[in-house]
Amino acid sequence: MSMNRFLLRLKSLLRLQVLKSRKSFTYFIKFVGSFLIICLIVMISAYKFIQRNNHPLAITQNYIYIEPISSFFRREHNLNGEKIDWHDYEYLQREKEQFGKPGENGQPVYAEPGEEELDKQLFDVNGYNGLISDKIALNRSVADYRHQQCKKIKYLKELPSVSIVIPFYNDHLSTLLRTVYSVINRSPKELLKEVILVNDHSTKDFLYGELEEYIEKHLKHIVKLYVLPRRSGLIWARLAGARAASGDVLLFLDSHTEASTNFLPPLIEPIAKDYRTCVCPFVDVIDFKTFAYHPQGDGSRGIFDWNGMHYHHMPLRPGDQEHPWSLYENPVMVGGLFAISAKFFWELGGYDPGLDIWGGEQYELSFKIWLCGGKMYDAPCSRIGHVFRGGMPFPNDRKGIDFITINYKRVAEVWLDEYKEYLYKRDPDRYARVSAGDLSYQFYIKKRQQCKPFKYFLDVVAPDMKERYPLEEPPEFASGAIQSMADEKFCIDKLNRPKEQPLGIYYCGENKKRPQNNQHFILRYYRDIADADMESCFDSFGVGEKRELKTFSCHHGQGNQYFRYDLNTKQIFHGPVRNKHCVEVNIGTQSVYVTTCNDKKLEQKWKWGFVNETNIRNWATYGSPIMDAQEVKDLS
Ligand SMILES: *[C@@H]1O[C@H](CO)[C@@H](O)[C@H](O)[C@H]1NC(C)=O
Ligand SMILES: *[C@@H]1O[C@H](CO)[C@@H](O)[C@H](O)[C@H]1NC(C)=O
C-alpha cells in the first residue's frame, strides 16, 4: 500500500469514526496518544545520539594514513645484507668521564638532611621522587645491563627513520627532560627523525611556558611539542602523537623512562626486514625513590587471564631460553613501550579511538598485530628503564564511568569472538552494566585486513595459555574460611590490609563455606591460595625461622606461591615437601607465618570451609602441572 493511499484511508476512517460515535472518539484519542509517545521516544533517542556525538571524545572521523613517497618500506633495502656496529663509542667514552657525579652509571641518589619537607612534597605530586630527579644530570649515564653477546651484535646498515612519541601528564620537568635527552643522545643521529611530546593537558604551569622555552632554546631541531585541548588520556595522546609523526617507525615511550646504550637498532631492525612487525624493549626499573637503575629479569611473555583480563607474565618457551640475546615472540605487550612501523600501525587502524583514558589498549593492539598478519617480539638487547610510580597522584577525570570495563568490552566484542563469553561469565554484572558503543569501524578493519579468528591466538600464538589460564575456572582443592584448630574462634584474615602486607587472624564469621571477603580464600587448581577476587595470593619468601605470610599478585607460576593441604595432618605446606615449611599461627600475638613443619603442633592444623577431598587425594595428578621436578618425584 502506498503512503498516500494509507493516509487517505486513515483520514476517511478517522472522519467517519469521529462523526459516527463517541466510541470512535476514544479510538481517536488513543491514536493521537500513541503517536505522541512514539514522537517522544524518537526525540529522546535523537537527543541521546546527538549528546553522545558531542562528547569531547566523540569519534567523528577515522584517520587515513598516506604513506609518504620517501617511505623506507616503498623500496627494497639491505640487498647485500651489510651489517654494521651501531655503537657510538665516542659518546660512551664521554659518558665515562662523568662517572662519580650524582646518579651517574645508574647509581642511587638520596636526599640531604633538611630536605625532608620538599622531598615529601615532590613525591606526593609525582608518585616518584622529583627532588632526587633534580639532583641528577639530564644526560646521566646508566649501567649497561645487556647480555654480553648484545655488545657484539651488528645490525643492518640501512634502517628506517624513527619518530619517538612520548605523551605526558603532569610529570616532573627534569624527569621528562631526562627521558628526552636519553633517547636523543643514545640514538644514531641519522635514524632519529623527531621526538614528539604530547602534553595531555597537564595542570602544572611549568609544562607549558617553561618547557616550551627550554625546547625552543635547546632542542628545537629535534623535539616537537603538542598540547591537547583537554585531558584525553593516554590512548588518545598516543594517537595524536602518532598522527603528527612523519618517521617510518613509531616508537612509543612513557614520559619517565631512560633508554640505555644502543637501544634503537635492535628495536627497528626486525621492522626493517618486515614492516608488519612490532618490537618491545626490555623494561628495566628506575627506583621511584632514588632513581637507581636496576635490571629486570631475563624476559618473559605477556598474557592475560579470563578473570578480569589481568596482565600476567609467562616464562619464555624452552627454545628461546637457549640464546637469551635473541628476539623472541611475545603474545601480549606490556603496553607503554614499543616500536611499530607507521604503515602497519595505521593499517590496523591505530588504536581503537573508542578506548578511553587507559586500559585494554595493549590487548587490542597485540591481538590485532597477531591476528591481522603481523608478529610481535621482545628484543633483549634493547633495554629501557622505567620509573614505576610508588603511588598514583592523579585521579582519573571520568568520574562515575567505568571506562576500563567499557574498554575491555570493546576489545572482547571485536577480537575474542565466541571466547568473549568466558570473560563475561566470570563477572556477568560487570560487563552487562556497560555498553561497548559503536564498533562498526573496528569490525570494518577486522574484515578489511582479513584478520584471523581468536582461536588462532589460543592455538598458535600462545598455546600454553589455556593450561595456565584455563577458559573456565576449574574446580578448586579447597575454599572458604581457613580456621585454626589451635583456637577455633580464629580464622586467617586479610584484616583489610592491602596487597604486600602480612596476613593475620580474626574472629571467624558464621558461614565458613562462603565467608566475607577478608576470610574467603581458595586453594586453587594452580596450587596457590588466592583471595576471593582471585587477585592476590598467599606468598612467603626470605629466610629465617618465622617467615611472614603475605599476599602478592597471583603469578600462576607456583614457586613461592605454591601451597598444599594435607588431609591427614591438616597442615598447609608452603613450597615443596622437602622444604618442610608449614603455615603456623600464634594465637597470643594474632599472627600467622611460615615455619618448620611439626605435625604434633595444633598451631599448624587448619580446617577449610570446603574441601574437595577427591582433588586433594589426587594432588599429584589433578591441577596444573607441578613445575618442580623433584616435587613430582617426592609426591609419587
Ligand atoms: C652532558 O651535559 C653536560 C652539560 O651540558 C656536558 O658538559 C657533557 O659533555 C654531557 N655529557 C655527554 C656524555 O655528552
Ligand atoms: C571436586 O572436583 C571434581 C573435579 O576434579 C569435580 O568434578 C567435583 O564436582 C568436585 N566436587 C565437589 C563436591 O565440588
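The structure is a predicted model, in which local features need pLDDT of at least 70 and side-chain atom pairs count only at pLDDT 80 or more, while totals for chains, interfaces and linings use all residues. Residues are numbered from 1 along each chain as its sequence is written, and chains are lettered from A and ligands numbered from 1 in the order in which they are written.

The C-alpha atoms of the chain fill a box of roughly 100 × 70 × 55 Å along the principal axes. Of its 636 residues, 39% count as buried, a residue being buried if 20 or more other C-beta atoms, placed from the backbone, lie within 10 Å of its own, exposed if 12 or fewer do, and partly exposed in between. The chain has 20 helices and 27 strands; these are DSSP runs numbered from the N terminus, with at least four residues (H or I) for a helix and at least two (E) for a strand. Three domains are assigned, namely domain 1 (1-53), domain 2 (89-387) and domain 3 (478-635), with bounds from an automatic or database domain assignment. Between the C-alpha centres of domain 1 and domain 2 the distance is 62 Å.

Strand 3 (residues 162-168) is mostly covered, with seven of its seven residues buried. In a regular strand, side chains alternate between the two faces of the sheet. Here Val162, Ile164, Ile166 and Phe168 are buried on one side, and Ser163, Val165 and Pro167 are buried on the other. Strand 3 pairs in the parallel sense with strand 4 (residues 192-199) over seven bridges, where pairing requires that DSSP finds at least two bridges between two strands. Val162 stands opposite Leu192 of strand 4. From strand 3 the chain passes through helix 6 (residues 173-185) to strand 4 in a right-handed β-α-β crossover, that is, clockwise from the first strand over the helix to the second with the strands pointing away from the viewer. Strand 3 also pairs in the parallel sense with strand 6 (residues 249-252), over four bridges, and Ser163 has Leu250 as its bridge partner there.

Around ligand 1 are Tyr91, Arg94, Glu95, Gln98, Ala137 and Asn139, counted by a C-beta atom, placed from the backbone, within 6 Å of the molecule. This shell has two nonpolar, two polar and two charged residues; Ala, Val, Leu, Ile, Met, Phe, Trp, Tyr, Cys and Pro count as nonpolar, Asp, Glu, Lys and Arg as charged, and the others, Gly among them, as polar. Around ligand 2 are Pro475, Asn612, Thr614, Asn615 and Tyr622, of which two are nonpolar, three polar and none charged.
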